[in-house]
Amino acid sequence: MSKQINPKLIHALLDDSSAKVPEKPTFKHLGGVYVKSVVDHIRKFEPPFGKNNMMLRCTQCGAKGQYDVGVIAVNPEKPKDKQYSGYFRCKQCNAAGCWEEPLDIQLLIMAAMLSPYVGFPVHFGENVLSDGFRPTFGTDSEEHYLTLIAQDRQNALLWNKLGNVYKMGARPELAMAAYEKSIALDYMQIESHLSIAQLLQVLDDDKQAIFHYHQAMLFADRYEHLSDFQLRELVASAIANSFIITYESKYKLNPLPSAEDITAAGSKGKKNECVINRSQLEKILAKEYVILPKARNYYIETNYSQYIH
């Protein structure tokens, strides 16, 4: 696999801006648990909006090459302002965002205007990120999020959004690396768990896919980055896909987390069912001197919260 990668991404993944990274990194520099599987089966992943290959010329080195530019967004009020959903860098020099626009793009836009129902990869409107940033290329979105990540290195949500840029840009291996980094920083980042599961499902890695769907379900009750409606849609998607996997596995895999999984995640329905009783304590203390709870498997009470409970 010879697709181009931004060296800045590798620095961010390593959390080390001084690390020695080649000008043209390979997927081996991405790390992660699942990245190699994605790379090995990259042909299983279809571009999210279909292929839209164009012959482009890099204005930095002069090299020409064919690139999947993705969906082209055109602002009707400013038709010269175009945006491209695809993520692509120069195959020769690895530069990004410096392209000579071919005549084919103008012809494609004209065709889409004349025949809006044919299904051309053209969208009339604007693509704007959640913070108001307006990218021209997928690489612009990447640069934007990498800049924000450099300012807030522990922000798992930013890594999730960066992963979405790669996913929409038809670069699933980069998306997987970003999502894995996201849950490494915050294991309860359920948007990243869901996206990892979806990518693994494409790979037919049902066991790991359903595991991450379960994680999305388990930690949904404490997730604060989505509206109630969006959260419901996310959980519904995780449940639906889990049942599909269960059916396709001939019921070898459970569609929902087990009681043990729920307890371990600290998400059990009734809190008082998780409180250790005297009999359990006496049995443990007969053998041990110190008792420590498992990670995320206990409650810390204040006087007020204990009172209202």
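**Entry 1: the whole chain.** I began by noting that this is a predicted model. I found 12 helices and six strands in the chain. Of its 309 residues, 42% are buried. I then looked at contacts with a separation of 6 or more, and 59% of them join residues 24 or more positions apart. The accessible surface came out at about 18,300 Å², with 53% of it belonging to carbon and sulfur atoms.

**Entry 2: the cores.** Which residues have the most contacts inside the largest nonpolar core? I noted Leu-9, Leu-30, Trp-159, Leu-162, Tyr-166, Met-176 and Ile-190, in a core of 55 residues. Next I checked which elements give two or more residues to this core; among them are helix H1 (7–14), helix H5 (156–168) and helix H9 (228–248). Helix H6 gives the most, with seven residues.

I stayed with Leu-9 for a moment. Beyond its neighbours within four places in sequence, Leu-9 touches Leu-30, Glu-142, Leu-146, Trp-159, Leu-162, Tyr-166 and Leu-174. I also came across a second, separate core of 20 residues, which includes Cys-58, Val-74, Cys-98 and Phe-137.

**Entry 3: helix H3.** This helix runs over residues 103–114, 12 residues in total. From first C-alpha to last I read 17 Å, close to the 16 Å expected at 1.5 Å a residue. Where do the buried residues of H3 sit around the axis? I listed Ile-105, Leu-108, Ile-109 and Ala-112 as buried. They lie on the same side of H3, because they cover an arc of only 95° around the axis. On the other side, Leu-103 and Leu-114 are exposed. I then looked for what covers the buried residues of H3, and found that the cover includes strand S1 (53–58), strand S3 (72–75), strand S4 (78–84) and strand S6 (122–124).

**Entry 4: Asn-160.** Is Asn-160 buried or exposed? Asn-160 has a relative accessible area of 2%, and buried means under 20%, so Asn-160 counts as buried. Its place is in helix H5. Leaving aside neighbours within four places in sequence, I found Asn-160 in contact with Tyr-179, Ser-182, Gln-189, Glu-191 and Ser-192. Last, I looked at Asn-160 and Met-176: they are 16 residues apart in sequence, and their C-alpha atoms are 9.7 Å apart in space.

Technical notes:
Residues are numbered from 1 along each chain as its sequence is written. This is a predicted model: local features need pLDDT of at least 70, side-chain atom pairs count only at pLDDT 80 or more; totals for chains, interfaces and linings use all residues. Side-chain values use heavy atoms; hydrogens and water are left out. Helices (H or I, at least four residues) and strands (E, at least two) are DSSP runs, numbered from the N terminus. Buried means under 20% relative accessible area, exposed over 50%, partly exposed in between (1.4 Å probe, protein chains only). Contact means heavy atoms within 4.5 Å. Accessible areas come from the Shrake-Rupley method with a 1.4 Å probe; for residues, only the protein chains shown count as cover. A nonpolar core is a set of buried Ala, Val, Leu, Ile, Met, Phe, Trp, Tyr and Cys residues joined through side-chain atoms within 4.5 Å. The expected span of a helix is 1.5 Å times one less than its number of residues. The arc is that of the directions from the helix axis to the C-beta atoms.
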